[in-house]
Amino acid sequence: MDHQPKFFENLSGTGKAIGVLTSGGDAQGMNAAVRAVVRMGIYVKAKVYFVYEGYQGMVDGGDNIVEVSWESVSSILQVGGTVIGSARCKSFRTREGRLQAAYNLVQRGITNLCVIGGDGSLTGANLFREEWSGLLEELAQKGKIDEEAVKKYAYLNIVGMVGSIDNDFCGTDMTIGTDSALHRIIEVVDAIMTTAQSHQRTFVLEVMGRHCGYLALVSALACGADWVFIPEYPPEEGWEDSMCVKLSENRARKKRLNIIIVAEGAIDCHNKPITSEKVKDLVVQRLGFDTRVTILGHVQRGGTPSAFDRILASRMGVEAVLALLEATPATPACVVSLSGNQAVRLPLMECVQMTQEVQKAMDEGRFVEAVRLRGRSFENNLNTYKLLSHKKPDAELPKDLSLTFQRSKNSGFFLTNFNVAVLNVGAPAAGMNAAVRAAVRVGITEGHKMFAVIDGFEGFARGKIKEISWGDVGGWTGQGGSILGTKRTLPAKYLEKIADQMRTNNINALMVIGGFEAYLGLLELSAAREKYDEFCVPMVMVPATVSNNVPGSDFSIGADTALNTITDTCDRIKQSASGTKRRVFIIETMGGYCGYLANMGALAAGADAAYIFEEQFDIRELQANVEHLTEKMKTSIQRGLVLRNENCNENYTTDFIYQLYSEEGKGVFDCRKNVLGHMQQGGAPSPFDRNFGTKISAKAMQWISKKLKETYRKGKVFANTDDSVCLLGMRRRNLVFQPVAELKTETDFVHRIPKEQWWLKLRPLMKILAKYKTSYDVSDSGQLEHVAMHSPKEAETGAI
């Protein structure tokens, strides 16, 4: 059956009123969600109301419930916290309080509520929905409302969005605010590392997470911490000795600092708290190390939201309005959640019950079960951390036995100590170093000898190759650029020299970390197998490019860092434009022909337009954009932001668009242009890129080990099938190995982009939020799925 697109134009909000409130602890990105709900609501002709101060404002009524306009949410996208306030509310827990809240909503005709908060706030909303008809009848009996109002406002629709920095809600890969909190933690860790290194200190960092260790675990993975304490995975009996041995071993290896991360809810296996002070005292008493404690506290909740959180919250806000428009009296309260890179709807109470199950398992000491219930993403983070942080003693590594042969149950004899080479190819991308570190450490753990190739294929041909050890890659996760060095040169003109080097160094497998050039390079090496046996070895590519233009993967290492750089710069430029008034900025982004950075940057920065190669435009569209900005200057928002991908059109250049806007906007607004350039490739990697690079690279290395065992025959490795040259990419919610030969049909080689790109579906979202009339395909929305069946965390995802 053909897929028929379903467009939201058929959904009308005329006559409907939507209330939006934030409740519980604040989280960065809540404002982006509020903005999206308000603008999408107004876009579909519904009335939208702010409910100030959460449930307290709903109970108090009056000026706390106010109808809002399009401009009411201008300039809040980049603001942390919540501009409509949040408060703990005791009175809403009583029936009298909920009765008063119902009266205040009915007075304004509000029967659709969008609640942004944690599981407590959402449970309260569901109870309110269940009691609604009873509350209205009671109000009628008391003479506060008439029978007509009881019939007219007979049912209440509830849609929830989870705003919580802890990422402690089951059913969604990422809650709003988690990524931004990780940014705050990593900024602090990076700063502390420099001072700790100067004085050879040990730092104990306490991060938030009373019942959930997600922030502690992921920040430990992202900074290469020596030890981490989380509530879901208490250390074994005698952990004190193990930790002190590990710390002193690291010092003996000339490591000048130690980082220990403690979640505030950390416990031992007897459910007794492990505090940061206790850990510090232990290190000082046992080892005599100069040790300091840093408690991050509310710093983690503060600051501007990351690009990821802005895009996530904007998508969820739009989806929440669609869910409210489609709701019927029979629709259960739902929560809009993220699964891979898709927004989905799940029954609210199923998610709440599953979240409570985790806590129950922890209270009863069923910690293995608690980790499993947190989902595959959490479990993978934990397993990857364990794999990379603790070097096995040499005695425990797979050893050379009888001329380096070892018996395997499945395949007779195989060689354990293979030589595996790692190289970076293409332009630098933040997160490449984290990927190299993971590859080296997992390779060593699997019993291989790891080799680093300096300066890509060009360096390979010149013999710039050396063995690399576990300690050599210490501290690499937080460093930007490419420590190994990288070049765009393709291998075709060096085939013979590269083959010689592979033979000389006895290289049995290749791991290439890079962008489109890495993909082309693997195609060339694969084609050269007929002539050179040296290339008949397993080869895997891990996508790393700021452009995010590699076929076979929805995300590339480095793209998130570049997106945050663009978003931060746009925030500063918007601030400048707001100060001078009536000013429009034209900003050029990188990406080659791929419009990912321009489009997603525009969505995250709240831009008015984004010109990309994938969506052709002409002079009429440019004219319409100028007119749109002219109208905007008549409102209270007297500034404009336009993004342009560097190769979107050979004739409509950044200079041309700047001159056109300057001429057409004369007397109404003036123009400035800004080319962001190579700053998009620099900087420290974002938490997402560190984590994604680490996990994807570890998985790629495990695949290499598996392929080596499969292809080792008669004393040598021989792999010449298509499935021995693969690209590991993220597709929707799975990490998938795909033969590069099969990806050819999906590739536009002329423009170096995939023929189909998932993010183009989000393009209308940016236009809607900038007040353009457009079509938005909502075919993927609307299906209420079940947590147990659907379980978004059951697949390794783009969640950090």
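**Chatting through the model**

Colleague: Which side chain does the side chain of Thr747 make a polar contact with?

Modeller: With the side chain of Tyr519, at 2.9 Å. A polar contact here is a pair of N or O atoms within 3.5 Å; within protein, one must be able to donate a hydrogen and the other to accept it, and residues adjacent in sequence count only if both atoms are side-chain atoms. Before we go on: this is a predicted model, so local features need pLDDT of at least 70 and side-chain atom pairs count only at pLDDT 80 or more, while totals for chains, interfaces and linings use all residues. Residues are numbered from 1 along each chain as its sequence is written, and side-chain values use heavy atoms, with hydrogens and water left out.

Colleague: Fine. Which backbone oxygen does the side chain of Thr747 reach?

Modeller: That of Leu743, at 2.7 Å.

Colleague: Is Thr747 buried or exposed?

Modeller: Buried, because its relative accessibility is 3%. Buried means under 20% relative accessible area, exposed means over 50%, and partly exposed is in between (1.4 Å probe, protein chains only).

Colleague: And where is the place of Thr747?

Modeller: In strand 28, residues 747-748. Helices (H or I, at least four residues) and strands (E, at least two) are DSSP runs, numbered from the N terminus. If you skip neighbours within four places in sequence, Thr747 is in contact with Phe516, Tyr519, Pro551, Ile753 and Lys755. Contact means heavy atoms within 4.5 Å.

Colleague: Switching to helices. How many of the residues of helix 19 are buried?

Modeller: 10 of the 10, so helix 19 (residues 596-605) is largely enclosed by the rest of the structure. Among the buried ones are Tyr596, Asn599, Met600 and Leu603.

Colleague: What about helix 20 and helix 21, at what angle do their axes cross?

Modeller: Roughly 50 degrees, and the axes of helix 20 (residues 619-632) and helix 21 (residues 654-664) come within 10 Å. Axes are lines fitted to C-alpha atoms, for helices over the stretch in contact, and angles run from 0 to 180 degrees between N-to-C directions. Helix 20 and helix 21 are therefore oblique to each other. For the cut-offs, under 35 degrees is roughly parallel, over 145 roughly antiparallel, 65 to 115 roughly perpendicular, and the rest oblique.

Colleague: Who makes the contact in helix 20 and helix 21?

Modeller: On helix 20, Ile619, Leu622, Gln623, Asn625, Val626 and Leu629; on helix 21, Phe656, Ile657, Leu660, Tyr661 and Glu664. By class, the contact of helix 20 with helix 21 has 8 nonpolar, 2 polar and 1 charged. Ala, Val, Leu, Ile, Met, Phe, Trp, Tyr, Cys and Pro count as nonpolar, Asp, Glu, Lys and Arg as charged, and the others, Gly among them, as polar.

Colleague: And at what angle do the axes of helix 13 and helix 22 cross?

Modeller: Roughly 75 degrees, with the axes of helix 13 (residues 376-389) and helix 22 (residues 687-711) coming within 11 Å. That makes helix 13 roughly perpendicular to helix 22. Ser377, Asn381, Thr384, Leu387 and Leu388 in helix 13 meet Asn691, Thr694, Lys695, Ala698 and Gln702 in helix 22. This contact of helix 13 with helix 22 divides into 3 nonpolar, 6 polar and 1 charged residues.

Colleague: Now loops. Where is the place of Tyr494?

Modeller: In the loop between strand 17 (486-487) and helix 16 (495-504). Tyr494 counts as buried because its relative accessibility is 16%. Not counting residues up to four places away in sequence, Tyr494 touches Phe457, Glu458, Ala461 and Thr489.

Colleague: How many residues apart in sequence are Tyr494 and Phe457?

Modeller: 37, and C-alpha to C-alpha they are 7.8 Å apart in space.

Colleague: Last one: what is the phi of Glu53?

Modeller: Near 60 degrees, a positive value in a residue other than glycine. Glu53 sits in the loop between strand 2 (47-51) and helix 2 (54-60), and with a relative accessible area of 35% Glu53 is partly exposed. Gln200 also has a positive phi, near 50 degrees; the place of Gln200 is the loop between helix 6 (178-199) and strand 6 (202-207).
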